[in-house]
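Please keep the sequence and the model in view while reading.

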Amino acid sequence: MSMPQYIDIIFDPETGETEIKLEGFPDAVCDEVAKKVIAQLGVTNAKVTKTASAEGGDGQKRTQSIG
Amino acid sequence: MSHMVKGKTSFTEENKDLLVEALKQAYTGCEVRLNVQAMISGRPICDIVVKNERGNDVGFRLKADGTYECLSYNPGYGNDQDRTNSALKPVYDPYNRAVAKKMTKTNPALAGWIVSKTTDIEVKGTKKKRIRLSPGAGGSGGWI
C-alpha cells in the first residue's frame, strides 16, 4: 500500500511563524523538496528535523521534515 | 510618542508579485503602490506601500538579504511587535497560499499537485493554520 504523500505549510496566524512538514517522500527527495520549499517561502533560517524514516513495502522510505 | 515601527518578514523579493497580490487581498479597498512615500512617521520611501485611506499606510522595504522589512505606525501606545503583527496578520494566508500555488507550477516534483483550502488546526495547544499540498487526482507528480 502506498504512503500518503503531502506537504503541509503550517503557520501561526498571529506571528506568521512557519513550519513545513513533508510526508511520504523518499529520503533524498524529501531533503531536496524541503530545501526548495524553505527557499520559496523565505524561511531561510528554518531548521529541518527528520522525525520519521521508515522503509515502506514498495522499497521507498517515508520521511517527515519540519522547517 | 508616536513613531515608525520596523519589523522583519519572510516575504522575499523573488515573490514580490505574490506579495503585492496578497496585500490587495488582505487590505481590501486599499491601493497598493510601488516606490512611493509611506504616510507614517518619518515619511519613508518604500518599495511597496499599502495606502490606507482610513488609517496609516503600511510600507515594505527590501533589505540586503532579499527579504522585506515591514514599516508601520505606532501611535504611542502598545507594543511595537504587536503593531507589526497586526499589520502582517491578514497577509500571511493569501501570501502563503500564493507561494504554495507557485511551487506546484515551478517545481517539477510537484507538477499536478493541488493546494487545499486553509484549515484551522491546533499544535501543542496553539491555534495554527495549515495549507496542504497533495498530489492531484491525475497522479502524484514526479520525483526530482
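**From chain B to the interface**

Chain B contains 2 helices and 8 strands; helices (H or I, at least four residues) and strands (E, at least two) are DSSP runs, numbered from the N terminus. Read from the N terminus, the elements of chain B follow the order β-α-β-β-β-β-α-β-β-β. This is a predicted model, in which local features need pLDDT of at least 70 and side-chain atom pairs count only at pLDDT 80 or more, while totals for chains, interfaces and linings use all residues. Residues are numbered from 1 along each chain as its sequence is written, and chains are lettered from A and ligands numbered from 1 in the order in which they are written.

Along the principal axes, the C-alpha atoms of chain B fill a box of roughly 55 × 35 × 30 Å. Chain B has 144 residues, of which 31% count as buried. A residue is buried if 20 or more other C-beta atoms lie within 10 Å of its own, exposed if 12 or fewer, and partly exposed in between, with C-beta atoms placed from the backbone.

Next comes the interface. Here 22 residues of chain A are in contact with 28 residues of chain B, contact meaning that the C-beta atoms of two residues, placed from the backbone, lie within 7 Å. On the chain A side, strand S1 (6–11) and helix H1 (27–41) are the elements that give two or more residues. H1(A) gives the most, with 7 residues. S1(A) also pairs with strand S8 (residues 126–135) of chain B, in the antiparallel sense and over 5 bridges; two strands pair if DSSP finds at least two bridges between them. Within this pairing, Ile10(A) has Arg130(B) of S8(B) as its bridge partner.

The largest nonpolar core has 45 residues, and Val37(A) and Tyr95(B) touch the most other members. Such a core is a set of buried Ala, Val, Leu, Ile, Met, Phe, Trp, Tyr and Cys residues joined through C-beta atoms within 7 Å. Helix H2 (residues 80–106) of chain B gives the most to this core, with 8 residues. Because domain 1 (3–91) and domain 2 (107–144) of chain B both give residues to the core, it lies between them; the domain bounds come from an automatic or database domain assignment. Leaving aside residues up to four places away in sequence, Tyr95(B) touches Phe11(B), Leu18(B), Leu19(B) and Ala22(B).

Finally, Glu32(A) is located in helix H1 of chain A. Glu32(A) counts as partly exposed because it has 16 C-beta neighbours inside 10 Å.
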